[in-house]
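Dear colleague,

Here is the structure I said I would pass on. My notes on it follow below.

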Amino acid sequence: MNLDLSTVGQVALSDLGKVAVLLGGTSAEREISLMSGGGVLAALQALGVDAIGFDPAERDLAELKREGVARCFIALHGRHGEDGTVQGALEMLGIAYTGSGVMASAVAMDKVMTKRLWLAEGLPTPRHVWLEPGVLQDESVANRLRCVAAELGLPLIVKPPREGSSIGVTKVSREGDVDQHLLDAVTLAARYDADVLCEEFIAGEEVTCPVLGEGASARALPVVRIRAPEGAYDYQNKYFTDSVTYQCPSGLPEAEEREIQRLAVASYRALGCRGWGRADLMIRASDRKPFLLEMNTSPGMTSHSLVPMSARAMGLPYDQLCLLIASQARLDAVPRGKPSAA
């Protein structure tokens, strides 16, 4: 799937107006957001865009109107940035923003709801069990967790369904006291979320595929192949080490690359995403079948991030990627008498 980049160079900076890069925020991913937003802000300013940094953890969003901001580049990750809440606030303020709208952002942030939609659309995703809020207070929790292990098999993955960057994620294997290990994993995930997602572990290769655009015009970028030490693509290895290797071009057989791109776009459209996003997948080693893990609607834009890496592979440098995303900012609903900023 080829993306038409001819419009990137046609973006008139004066048409963008004043751009606020939203960064930082209050989520567990604040540190990463500061890195992402800092990179975006520097790139836009270097291009001559009238851009400012804006941290919602330190300033009231209403100040955006007082400062004459025309659009926001959302570089927030996690809660209150990627989950539809800040999108809803910007809708109320009438300020265009990058990325998906309120509903798509909220649904994509919740991995359980995402799976339900994908399964309804016939898209492949690992088998899972949802543990409702308060499960740890249930007297029969030990038996419940044994049933989860029996249903999904071991190893399995335990994660908070509304966090990102592998925060609160545990791989539970057959080693040691499985009952205690599983209980510890659920307890850790419950520190970050009211409910817990237990997921079938797919043994194989991890890949990711960015998507740009909306609806029928949405297009997949090149696939990135991820190789982490001992398969541990965790928070530390994602952002703070150079131990992970990435392949882009992926080196996958052409048919596999096309299928991953097809699934990325299909999953993006199924959730109603727009602007940009990134689908994470696993390719099962036994039969090379790909499985969708999650959709990121506000992906990282750090030096280690994967969307910029994929964009570079198709000839789109970091600064032009930032400009393209900023130019696509818009609202779900256009206020009366006001045109969309996109």
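Glu67 is partly exposed, at 29% relative accessibility. Please keep in mind that this is a predicted model. The side chain of Glu67 forms a salt bridge with that of Arg59, at 2.2 Å from N to O. Arg59 is partly exposed too, with a relative accessible area of 25%. As background, side chains of opposite charge can pair when their charged atoms come close.

Salt bridges

Arg146 is partly exposed at 39% relative accessibility, and Asp179 is partly exposed at 40%.

Another joins the side chains of Arg162 and Asp195, at 2.6 Å from N to O. Arg162 sits in the loop between S6 and strand S7 (170-172), and Asp195 in the loop between H8 and S8, so the pair ties together parts that are 33 residues apart in sequence. Arg162 is partly exposed, at 21% relative accessibility. Asp195 is buried, with a relative accessible area of 7%. Through shared partners, salt bridges join Arg162 and Asp195 with Arg79, Asp110 and Asp193 in one network.

Helix H6

Asp110, a member of that network, also caps the N-terminal end of H6. One of its side-chain oxygens lies 3.0 Å from the backbone nitrogen of Val112.

H6 covers residues 111-120, and within it Lys111, Val112, Thr114, Lys115 and Trp118 are buried. Seen down the helix axis, the buried residues of H6 fall within an arc of 155 degrees, so they line one face of the helix. The elements that cover these residues include helices H5 (102-109) and H10 (254-270). Strands also contribute to the cover, among them S5 (128-131), S6 (156-159), S8 (196-200) and S14 (290-296). After H6 comes Gly122, which has a positive phi, near 75 degrees.

Ala96

Ala96 is in strand S4 (residues 96-97). Is Ala96 buried or exposed? Ala96 has a relative accessible area of 2%, so it counts as buried, the limit being under 20%. The C-alpha atoms of Ala96 and Asp332 are separated by 8.6 Å, although these residues are 236 residues apart along the chain.

Best regards

Definitions and conventions: Residues are numbered from 1 along each chain as its sequence is written. This is a predicted model: local features need pLDDT of at least 70, side-chain atom pairs count only at pLDDT 80 or more; totals for chains, interfaces and linings use all residues. Side-chain values use heavy atoms; hydrogens and water are left out. Buried means under 20% relative accessible area, exposed over 50%, partly exposed in between (1.4 Å probe, protein chains only). Helices (H or I, at least four residues) and strands (E, at least two) are DSSP runs, numbered from the N terminus. The arc is that of the directions from the helix axis to the C-beta atoms. Contact means heavy atoms within 4.5 Å. A polar contact is a pair of N or O atoms within 3.5 Å; within protein, one must be able to donate a hydrogen and the other to accept it, and residues adjacent in sequence count only if both atoms are side-chain atoms. A salt bridge is a side-chain nitrogen of Lys or Arg within 4 Å of a carboxyl oxygen of Asp or Glu.
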